[in-house]
Amino acid sequence: MTGWLSAGILFTFTAIAFVLYRWGNLKCVGVTPVRTFTFIAILFTSGLDVGLIMFPLTEFAGYANTAASPEYGFSNPLAIEFGFWAFLIWAFYFLTCFYFCVIEPRVRFFDIPWVKFINNLVIIGTCAFTAYLLLTNLPWYLPELGDGETLVGSFYLIVFLVIAAAVYSSTSLRYVRILSLGSTWLFIGLIALMWSGAFLGEGNHPGEFLTSFALLGDYFVNIHHFVLPINDYHEFYLFWWFAWSIMIGQFTSRFVGGLKTYQVLLAMMLFPSIPIAIWFTVLYYYNVNGLETAGFYNLAMVLVGVLFVINSLDSLIRLYTDNLGLTVARFGKLKYFLGNLAAMSALTLLFKLDFLQIQWVGALAIGLIFACLGYILAKKFRIVSEIEASPRDNKIDFNKIEMAN
């Protein structure tokens, strides 16, 4: 599967270069445009999940152990963690966001029945994997509820309630802005809280943050190392990003509020990367200096992580229910709620049983991307080559989201 993944990555970056060359100054307008800060907040909170909060403290030691994993020897653990989560790979989201905003309305590839079926498999599978990640990481972050290793009933209950909250919030588009902006500000607050605990404590100095932050420069020096898979673990991450890419592009494209194409790329690569860089630097300082996070800090991280999961699940549930016609308008809120709650809970348990793998989901997403290219070249080349603007029906009206269901 490494060859399949590498082909998908190389095509993605080639396609991005072509899009910038051909449509770099085109103004992108989605069907429900929002202001730029809100768009970035929606992108950030929908495009990331609990792994951003929970994974780094469990991974730094592995990246530092170059005796066991010599392939990490080209850089430091902080730069590697950043490379797995930020900057370059957010370009995946840019390509799909541009496609669904500007090209798909003319092509309608994702309206083809077999494409719609596979796309919804990808969305539903990724949705369940997101809930599964929360479930499997809770013992480490909330050892007070167990022994720190095994899953207990309380963890299953937490995940069940998170899924329920996400299903309920997906019943109306009006909740998107509230959740996204609220999660963004709470994440900023969490960074400030843990930054002050690390760098304003007795014997510490704020200048030590800059010393740690400077380690991230090694990522940009070695950015070429992050394009193709470094090892199996990096491959897992890249497949994970591909699994997200189509659905996040499809979801976020509706909110683009008039940015030019190159500005969308810069916004999607730079703005999410800044808080990620600061957050990872703070966590790395805790890790290197052996600072304790148990108790209040862990609880705060879990709360923000849970909100990220609700945001992510909300956007994914909204997508597959819209695609399949399983809407509130069709079934009523109660049937919609109970049906999606049961489905997501069951699929989460399938990941727990190792019945599903996120790599399979990512491979399916790459297949859809290649199939879309073939379809355009075979049947829609002239239509796409004549595109000079966003669809005419898409107007910049920032009040639309207030009236959306």
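Let's start with Cys-101, which has 3% relative accessibility and so counts as buried (buried is under 20% relative accessible area, exposed is over 50%, and partly exposed lies in between, using a 1.4 Å probe and protein chains only). You're looking at a predicted model, where local features need pLDDT of at least 70 and side-chain atom pairs pLDDT 80 or more, while totals for chains, interfaces and linings use all residues. Numbering runs from 1 along each chain as its sequence is written, and side-chain values use heavy atoms, without hydrogens or water.

**Exercise 1.** Find out how many disulfides the whole structure has, then check Cys-28.

*Solution.* 
- Step 1: the search turns up 0 disulfides (pairs of cysteine sulfur atoms within 2.5 Å).
- Step 2: for Cys-28, the nearest cysteine sulfur belongs to Cys-101 and sits 5.0 Å away, and Cys-28 is in no disulfide.
- Step 3: Cys-28 is buried too, at 2% relative accessible area.

**Exercise 2.** Describe how Phe-13 and Phe-92 pair up, and say which helices they link.

*Solution.* 
- Step 1: there are 50 aromatic pairs in the structure (rings of Phe, Tyr and Trp, taking its six-membered ring, with centres within 6.5 Å; planes under 30 degrees apart are stacked, over 60 edge-to-face, the rest tilted).
- Step 2: Phe-13 and Phe-92 make a tilted one, 5.9 Å centre to centre with 55° between the planes.
- Step 3: this pair ties together distant parts of the chain, 79 residues apart: Phe-13 is in helix H1 (residues 2-23) and Phe-92 in helix H6 (residues 91-107). Helices (H or I, at least four residues) are DSSP runs numbered from the N terminus, as are strands (E, at least two).
- Step 4: Phe-13 is partly exposed at 23%, whereas Phe-92 is buried at 3%.

**Exercise 3.** Work out how the rings of Phe-100 and Phe-110 are arranged.

*Solution.* 
- Step 1: the ring centres of Phe-100 and Phe-110 are 4.9 Å apart with planes at 50°, so the pair is tilted.
- Step 2: Phe-100 belongs to helix H6, and Phe-110, 10 residues away, to the loop between H6 and helix H7 (113-141).
- Step 3: Phe-100 is buried at 10% relative accessibility, and Phe-110 is buried at 8%.
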